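Please open the model in a viewer and keep the selection tool at hand.

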Amino acid sequence: MRADVLHGVPRLEAEWWDLWSRDPRATVFQSPAWLIPWREAFDEGESLVLAVRDGERLMALLPLFRYEGRLIPWGAGTTDRLDGIFDPTLDPAMLAQALDRLSEPVELFQVEENSLLRRIPLPEGWEERSGTAEPCLELPLPAALSRNMAQNLRYYRRRAERAGVAEPERGGPAAFEDLVDLHGRRWQSRGLPGVLHDPRVLAWHRRTLPALDAAGLLRLYVLRRGRRAVAVLYGLMAKERAFYYLGGFDPELESLGLGTVLIGHAVEEAQREGATVFDFLRGREAYKYRWGAGERTMYARRLAPVSCVAARLAAPSLRNGESAQ
C-alpha cells in the first residue's frame with residue numbers, strides 16, 4: 001500500500017465513485033457529485049487530498065483543505081455529515097500513516113461513532129482532542145408517527161387540497177429555482193437572509209444538482225397551486241438512507257402546513273424506496289422531534305503533531321507587541 005497527498009481537485013472521479021459504492025457507511029455527502037462542485041465553488045485555501053492505494057486500487061480518500069491554520073474536510077460549513085470514504089478492508093493504521101504525511105493539524109467533525117476517522121490510531125508524535133458535535137436527528141423507517149402527528153398530517157393534506165394545491169410531484173434540478181424563490185421569500189418575511197443568499201452557495205447547488213440527479217441521488221418534491229410552485233423540499237437518497245436537506249414554502253400560505261405535507265410525502269417515498277432511516281440532519285428544531293426523530297450523537301476529533309501544538313502555545317507571545325520579523 002502507499003499513501004499520496006494530492007493537491008487541487010483530483011481527476012479520479014470514476015475511482016471515487018467506485019470507492020464510494022464499496023464503503024457501506026458513505027453518505028451522499030461524500031460522493032463526488034456533492035463534493036467536487038462544492039470545492040469548485042468554495043475554493044479558498046489549498047486542497048490536500050489523502051489517497052491510499054493498494055497497488056492501483058483506491059482504498060481511502062479524505063479531501064481536506066487548509067483553513068485558518070488547520071486542515072478541515074471539504075463540505076465544511078454547508079454539510080452536516082463530514083467524513084472520508086474507505087474500503088471496508090482498509091487497515092486503520094494505514095490511514096494513520098497517511099495522516100502523518102501531512103505534518104499539520106487536522107480537524108475532523110460531524111463524523112459518526114462508527115467512522116474510521118474515530119478509530120484510527122494516533123501517528124507517533126501526535127496529540128489529539130476529541131468530543132461531541134451537534135447531533136443529527138433521525139427518524140427510523142418505517143415511521144411510527146404519534147397519533148397527534150398523524151392527525152396533523154391528514155388535516156394539512158385536506159387543507160391543501162381544498163385550497164387548490166395539487167398532489168406532490170417529483171421535480172428535476174430546475175425546481176431548485178423555485179426553492180430559491182420560496183426559501184428567500186420566507187426568510188425575508190422574518191427579516192433574515194436565509195442560507196441561499198450567498199452567491200457561492202447558489203453556484204454550488206446549480207452545479208451539484210445535475211450531478212446528483214444523474215447519479216440517482218436527488219429527491220426534489222414540489223407542491224403546485226395551478227402552475228405555480230408553492231413549496232419545495234430538497235432531499236437526497238442513497239444506501240437505504242434518505243436526507244432532508246432544505247425546504248421552502250410560500251409564506252402567504254403558511255397556514256396550510258405545506259412543509260408538513262411535503263415532509264410526510266418524502267417520508268412515505270423513502271419508505272417505498274426501501275430506506276431504513278429518514279435523516280433530518282443537524283439541529284434540534286422542534287418539528288423534527290414531532291415527527292418522532294431521535295438524536296444521533298456526532299463526534300469531533302482534532303489531531304495535531306506535537307511540534308504544531310508547541311508552536312501554537314508559543315504564538316501568544318507574538319501578540320503582545322513582539323515582532324515576528
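Axes here are lines fitted to C-alpha atoms, for helices over the stretch in contact, and the angle between two of them, from 0 to 180 degrees, is taken between their N-to-C directions. The model is predicted.

**Stop 1: α5 and α8**

Select residues 147-162, helix α5, together with residues 258-272, helix α8. Their axes come within 9 Å and cross at roughly 115 degrees. Because angles of 65 to 115 degrees count as roughly perpendicular, α5 is described as roughly perpendicular to α8. The crossing of α5 past α8 is left-handed. To display the contact, show M149, L153, Y156, R157 and A160 on α5, and L258, T260, V261, G264, H265 and E268 on α8. By residue class, this contact of α5 with α8 comprises 6 nonpolar, 3 polar and 2 charged residues.

**Stop 2: the annotated domain**

Next, select residues 148-288, to which an unreviewed UniProt entry assigns the annotation "domain: BioF2-like acetyltransferase".

**Stop 3: α6 and α7**

Now select helix α6, residues 175-188, and helix α7, residues 199-214. The axes of α6 and α7 come within 11 Å, with a crossing angle of roughly 155 degrees. The two helices are therefore roughly antiparallel to each other, and α6 passes α7 in a right-handed crossing. Which residues bring α6 and α7 together? From α6, F176, E177 and V180 take part, and they meet L202, H205, R206 and L209 of α7. The contact of α6 with α7 divides into 4 nonpolar, 1 polar and 2 charged residues.

**Stop 4: α1 and α2**

Move to residues 13-22, helix α1, and residues 32-41, helix α2. These helices pack with their axes 10 Å apart, at an angle of about 135 degrees. The arrangement of α1 and α2 is therefore oblique. On α1, the contact involves E13, W16 and W17; on α2, it involves P32, A33, L35 and I36. The residues of the contact of α1 with α2 comprise 6 nonpolar and 1 charged, with no polar residue.

**Stop 5: two backbone details**

Select L141 and P142, which are joined by a cis peptide bond with omega of about 0 degrees. P142 belongs to the loop between β7 (126-140) and α5. Then centre the view on S103, in the loop between α3 (92-100) and β6 (106-111).

**Stop 6: confidence**

Finally, colour the chain by pLDDT. The average over the protein chain is 92, and 95% of the residues score at least 70. Select residues 313-325, over which pLDDT stays under 50. For residues 313-325, the model has 3 contacts beyond four places in sequence.

How values were computed. Residues numbered from 1 in each chain as written. Predicted model: local features only at pLDDT ≥ 70, side-chain atom pairs only at ≥ 80, totals over all residues. Heavy atoms only, no water. Helix = DSSP H or I, 4+ residues; strand = E, 2+ residues; numbered from the N terminus. Parallel < 35°, antiparallel > 145°, perpendicular 65-115°, else oblique. Contact = heavy atoms within 4.5 Å. Nonpolar A, V, L, I, M, F, W, Y, C, P; charged D, E, K, R; others polar. Left-handed = near helix turned anticlockwise from the far one by under 90°. UniProt positions renumbered as here; feature names shortened; annotations may be inferred. pLDDT = per-residue confidence, 0-100.
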